[in-house]
Amino acid sequence: MRWIFIALSLLMAQTAMAAGTATKVKIGFVDYERLSRELPDTKKAITKLKGELDKKQKTINKMREQFEGEVEAYKKQQSLMAADKRAQKEEQLRQKQMDLAQKFQKLQQELQQREAELMQKLESKVVNVINKIGDRDAYDMILRVQPGVLYRKRHRDITDEVVKLYTKHYGTK
């Protein structure tokens, strides 16, 4: 959908120039991959997420180790157990394995949600900065560089300016 908008915008700009109007279209680019590496808030958010992940991963690892210990103990005692006790213990172990898998899946979902929330907050700040640059420097359009973009004029890349202005306005809170 974005590509359609971009293509239509560029087509309209070309049409206006071809119609003989002296209007020059000024287009800038922002490389979001670089922003994610260079903005102070992004680095802080990534560090915070990594800390949360490490803490929760330790809890999951501890639970997994306990489960593995129970499985080993069961394997050693299995031949000495009555059939009904063995079936009961196997069901308990299956249930614990499913619980562990569910907790791991929930952890992944929580972290994805936290990442999305943090990135959404950063995105609104970045868009605010890009709008200021666009208004200040009279850009007609500022595009996000996508992985599929094979070429763009490097002098139209305003990523450094976005980082500089973002840091000036928002600092490293």
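1. Thr159 belongs to helix α5, which covers residues 159–170. The model is a predicted one, and the remarks in this note should be read accordingly.

2. Is Thr159 buried or exposed? Its relative accessible area is 0%, and Thr159 is therefore buried, the limit for that class being under 20%.

3. The surroundings of Thr159 deserve attention. Leaving aside residues up to four places away in sequence, Thr159 touches Phe29, Val30, Asp31, Arg34 and Leu35. With Asp31 there is also a polar contact: the side chain of Thr159 reaches the backbone nitrogen of Asp31 at 2.8 Å.

4. Helix α3 comprises 38 residues, and 55 Å separate its first C-alpha from its last. This span is close to the 56 Å expected at 1.5 Å a residue.

5. Which residues of α3 are buried? They are Pro40, Asp41, Thr42, Ala45, Leu49, Glu52, Ile60, Phe67, Val71 and Tyr74.

6. How is the packing of α3 with α4 arranged? Two packed helices are described by the angle between their axes and the distance between the axes. For α3 (residues 40–77) and α4 (residues 83–136), the angle is about 180 degrees and the axes are 11 Å apart. Angles over 145 degrees count as roughly antiparallel, and α3 and α4 are therefore roughly antiparallel to each other. Sorted by class, their contact contains 16 nonpolar, three polar and 15 charged residues.

Notes:
Residues are numbered from 1 along each chain as its sequence is written. This is a predicted model: local features need pLDDT of at least 70, side-chain atom pairs count only at pLDDT 80 or more; totals for chains, interfaces and linings use all residues. Side-chain values use heavy atoms; hydrogens and water are left out. Axes are lines fitted to C-alpha atoms, for helices over the stretch in contact, and angles run from 0 to 180 degrees between N-to-C directions. Helices (H or I, at least four residues) and strands (E, at least two) are DSSP runs, numbered from the N terminus. Angles under 35 degrees count as roughly parallel, over 145 as roughly antiparallel, 65 to 115 as roughly perpendicular and the rest as oblique. Ala, Val, Leu, Ile, Met, Phe, Trp, Tyr, Cys and Pro count as nonpolar, Asp, Glu, Lys and Arg as charged, and the others, Gly among them, as polar. Buried means under 20% relative accessible area, exposed over 50%, partly exposed in between (1.4 Å probe, protein chains only). A polar contact is a pair of N or O atoms within 3.5 Å; within protein, one must be able to donate a hydrogen and the other to accept it, and residues adjacent in sequence count only if both atoms are side-chain atoms. Contact means heavy atoms within 4.5 Å. The expected span of a helix is 1.5 Å times one less than its number of residues.
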